[in-house]
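The sequence and model are shown first, and selected features are then described by topic.

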Amino acid sequence: MFRRFMPHILVVVALLTVGLSGGYELLSHALVDLRFRLDRHPASGEIAVVAIDPRSIEAIGVWPWPRTHHARLVEQLQRAGARDIALDIDFSAPSDPAADQAFVDALLSTKGAVVLPAFKQLKDSVLFANRPLPRFEQEAWSAFVNIVVERDGRVRSYAYGDYDKDSFLQSMGAFLAGSNVTRDTTFLIDYGIDPSSLPRVSYVDVLRGDAAALAKLKDKRVIVGSTAVELGDHYSVPNGRVLPGAVLQALAAESILQNRTLVPTSSVATVAALLLIVVTMLLSWPHLSAARRALLVGILSITIEVVALILHDRFALVFDTALLQIALVAYLAATALDEIDFRGLLRHVAESRFERIAMSIGDGLVCTDKDKHITVWNPGAVAIFGYGAEEIIGQPFARLRADRSDTDDLFPQQEAALPAPLLPGGATVEFEGRRKDGEVFPVEASVSAWQGADGLQYGVILRDISVRKREAERIRYLAEHDTLTGLINRNTLQTELAAMIETADAGADRLVLLVIGLDGFQHINDMLGHAFGDSVLRAAAERLRSEIGSMGCVARLSGDEFAVAIPSSAIGGTVAELAQHVSHLFETPLEAAARQQRVKITLGVAVHPDGGQSADELLSNAHLALCRAKTDRRGSHMIFEPAIRQELERRLTLEAELALAVERREFELFYQPQVDLSSGRVIGAEALIRWRHPTRGLVPPGDFIPVVNTSPLSEAVATWVMATACRQAREWQLAGHEIRVGINLSPSQFQSGDLAAFVRKLLTVTGVSPGLIELEVTEDILLHDEPGVLQTFNRLQALGVSLVFDDFGTGYASLSYLKKFPLDGLKIDRSFVRDVLTQADDAAIVGSTVSLSRQLNLSVIAEGIENQATADFLLALGCEHGQGYHFGKPMPAADFERRFLSADNTARQAGAA
């Protein structure tokens with residue numbers, strides 16, 4: 001009894017499942033869309049579209065356009081004799097007043113024949129109607145243009161209108177069609193109407209008054225809107241088409257005009273049809289064969305769709321036949337299930353699927369029986385081993401192994417495989433395979449076992465991994481070597497060093513590590529190009545590799561740095577002799593890119609165990625030695641000593657303390673007097689920085705100034721010195737003392753910013769007279785960037801400050817600087833002044849300098865005067881100004897004022913004069 005009703009129960013279950021899930025909607029839409037394709041007809045021709053198309057945008061310009069264009073368009077449409085004009089363009093916001101007025105005037109001329117768009121939108125979770133500006137709405141109609149997109153992303157239905165507060169507002173399509181419906185009901189747009197049959201003209205043609213375009217619009221109801229894709233406003237519609245919003249409004253109006261406002265039939269009709277199908281199948285099922293049942297299902301299906309198409313075409317009714325067709329398909333499936341041998345089918349499907357998979361996969365697939373004789377051999381295995389299926393099927397699997405050995409190590413044991421129908425063969429294994437041509441290659445095998453109809457069987461997936469092996473080897477090589485030179489890289493060197501250290505410790509030996517830097521390599525790159533620089537690096541690597549050979553290892557660290565590690569027992573001499581030997585290797589020019597290039601090298605050496613216990617420490621110390629060698633003796637070598645690292649640590653500590661000193665304002669300015677040698681009167685003071693450490697007290701300048709000048713703190717400290725000295729000069733000026741203050745400039749002030757602009761701002765902020773500021777420069781500043789420094793000097797002189805060459809005579813090109821740069825004076829270095837009374841050479845240099853300065857109209861200050869006799873001698877040579885401990889040591893500003901600027905002391909200086 002149950003079996004008799006089984007097919008009908010299956011149909012009911014299928015209908016309930018599909019109906020409750022809503023999955024039938026896709027089929028329903030597809031069937032309705034099919035009717036649209038079958039029931040095609042043209043538009044009535046009463047509604048025309050004026051398209052804002054790409055040609056209009058190209059001719060008029062970027063959207064949005066001035067409303068003067070829309071006003072002109074309305075006038076042209078009225079001249080063309082259009083019955084109604086619908087503008088699907090937003091007029092809810094004001095624009096240019098003149099353009100808005102022109103549009104109002106155009107609306108007035110139409111006498112109410114224009115409709116403007118309104119649309120509902122959400123704002124702060126509240127739905128409101130966005131309508132045209134009141135001044136526009138007074139002269140035109142408004143209509144909603146909202147289009148509802150359904151769940152499948154397509155537009156199918158259209159509303160006659162909607163309510164705005166308590167008043168009903170028609171939709172634009174209903175307005176164009178002249179509909180009298182005043183309810184917010186919806187209908188299905190008839191997409192059987194061909195949108196391409198709608199009369200369409202370009203906006204720009206109407207705007208220009210093209211006669212042919214205007215003729216198409218006579219007595220037409222016109223809708224103006226965008227059709228250009230770049231303006232958006234496009235919607236997906238049935239049958240895979242995308243239509244502009246204006247065309248959709250026109251199709252909705254056409255549906256109303258042609259009485260094609262489609263409405264769905266009642267669900268009662270669908271239920272009645274379903275009951276009719278079930279009763280028909282229930283009565284006929286026992287009496288019909290499977291073939292006749294299928295024929296009956298086909299006839300019912302076609303009949304249902306023919307009836308639905310007639311309702312669609314003649315009565316504008318949409319009959320939902322999706323559930324009916326699903327019911328018929330379910331009956332067809334039930335008929336098939338009655339006739340099918342499921343077990344045989346499943347077996348056939350499984351075998352067919354296995355065959356398709358086996359024959360299509362790129363890997364080799366081999367099956368064997370319990371005795372490991374091959375039963376399946378797919379094309380992938382043919383490609384790997386070269387044997388055809390007819391050559392290998394029936395052969396033992398061992399024939400595929402290079403050594404023809406037994407295969408027990410590959411296949412799981414029979415006892416282990418028996419308890420389960422399918423067992424993995426353990427971890428993937430690798431073995432050496434042999435191709436038909438005798439080539440041996442690596443093979444990866446994944447083995448499985450299962451119990452089949454013929455007993456225990458095996459399946460093996462085989463992969464040729466020779467390419468993978470080569471790629472892995474290549475990747476490993478790239479990870480361990482420098483690609484440019486072929487030498488091992490830093491990471492590999494550290495591994496090698498660790499092993500060599502372990503070997504050296506075991507044999508009571510030492511290990512020597514040399515870090516080699518190519519001097520001037522950046523200059524080679526800049527002058528001759530990076531390609532030539534690469535050739536130099538390769539030539540240098542080859543020279544080191546050929547010389548060191550098997551004694552040790554050679555590595556490229558980075559850029560222009562190499563490393564050589566050699567056990568001490570392999571050197572055959574001292575470490576210094578080894579370093580000299582490596583240096584001599586580069587006395588012969590390198591053969592690089594068909595030319596010879598001379599390169600000098602600097603070496604840093606560290607020796608294990610004294611120079612480092614670990615690989616990292618040894619490499620770090622050798623690099624420190626290289627840095628020291630480049631600083632002190634470029635072109636030679638330096639063997640690491642603990643003092644080098646200690647010095648570095650002291651410098652790092654000092655830099656940290658100096659950074660704190662800047663934050664804690666521990667720096668002070670001392671002032672050393674500068675006097676007129678003839679009168680003894682104080683004419684100026686040099687500002688000198690001092691550091692008052694919280695625990696060490698006053699730190700000597702020589703202990704921290706070199707570190708400041710070469711650290712990132714240099715600019716900040718130099719800026720503070722200049723600002724503090726200018727403020728002090730201004731204080732003295734306000735107190736009635738015209739004391740010129742000398743300020744030492746730092747190279748960092750020329751490298752990091754606009755020094756002249758900073759000085760100008762500082763003079764303005766402090767109010768100090770420019771003539772009281774004297775900026776002292778040294779030769780290292782002038783060497784930095786001659787054109788840039790020269791420009792800065794000219795700007796500084798234009799401000800009125802003085803520029804003085806400090807430590808004159810200690811450089812190698814000082815005389816040329818007197819000619820190149822706009823200087824106001826120079827200071828003779830203390831090294832010439834100290835022994836001027838006892839050393840004739842010093843006296844001659846000082847005398848020549850004074851004489852030269854007079855001829856160049858430069859002022860001269862002699863530094864380092866420690867007694868009156870030296871002062872008198874310098875005065876006799878013609879030097880007018882001096883500075884030194886004889887007149888006063890550097891002192892705080894308060895002490896300077898008490899000693900040199902007080903009323904009594906000023907009087908004494910005046911009396912002495």
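Helices H23 and H24 are roughly perpendicular to each other, because an angle between 65 and 115 degrees counts as such and theirs is about 80°. The model is a predicted one.

**Packing of H23 and H24**
- Two packed helices are described by the angle between their axes and the distance between the axes.
- H23 covers residues 615-632 and H24 covers residues 642-664, and their axes lie 10 Å apart.
- On the H23 side, the contact is formed by Ser 620, Asn 621, Leu 624, Ala 625 and Arg 628.
- H24 contributes Ile 644, Arg 645, Glu 647 and Leu 648 to this contact.
- By type, the residues of the contact comprise four nonpolar, two polar and three charged.

**The largest pocket**
- The largest pocket holds about 990 Å³ of space.
- It is lined by 35 residues, of which Glu 686, Leu 688, Ile 705, Asn 744 and Asp 806 are the closest to its centre.
- At least two lining residues come from each of strands S29 (667-676), S30 (682-693) and S34 (802-808) and helices H25 (701-709) and H26 (714-734).
- H25 gives the most to the lining, namely six residues.
- The lining consists of 15 nonpolar, ten polar and ten charged residues.

**Ala 472**
- Ala 472 belongs to helix H18, which spans residues 466-480.
- The relative accessible area of Ala 472 is 44%, so this residue is partly exposed.
- Ala 472 and Val 741 are separated by 269 residues in sequence and by 71 Å in space, C-alpha to C-alpha.

Technical notes
Residues numbered from 1 in each chain as written. Predicted model: local features only at pLDDT ≥ 70, side-chain atom pairs only at ≥ 80, totals over all residues. Heavy atoms only, no water. 1 Å grid on protein atoms, 1.4 Å probe; cavity = no way out; pocket = protein on both sides within 12 Å on 5 of 7 lines; lining within 4 Å. Points joined across faces, edges and corners; volume = space filled by probe spheres on them. Helix = DSSP H or I, 4+ residues; strand = E, 2+ residues; numbered from the N terminus. Nonpolar A, V, L, I, M, F, W, Y, C, P; charged D, E, K, R; others polar. Axes fitted to C-alpha atoms, helices over the stretch in contact; angles between N-to-C directions. Parallel < 35°, antiparallel > 145°, perpendicular 65-115°, else oblique. Contact = heavy atoms within 4.5 Å. Buried < 20%, exposed > 50% of the residue type's maximum accessible area, 1.4 Å probe, protein only.
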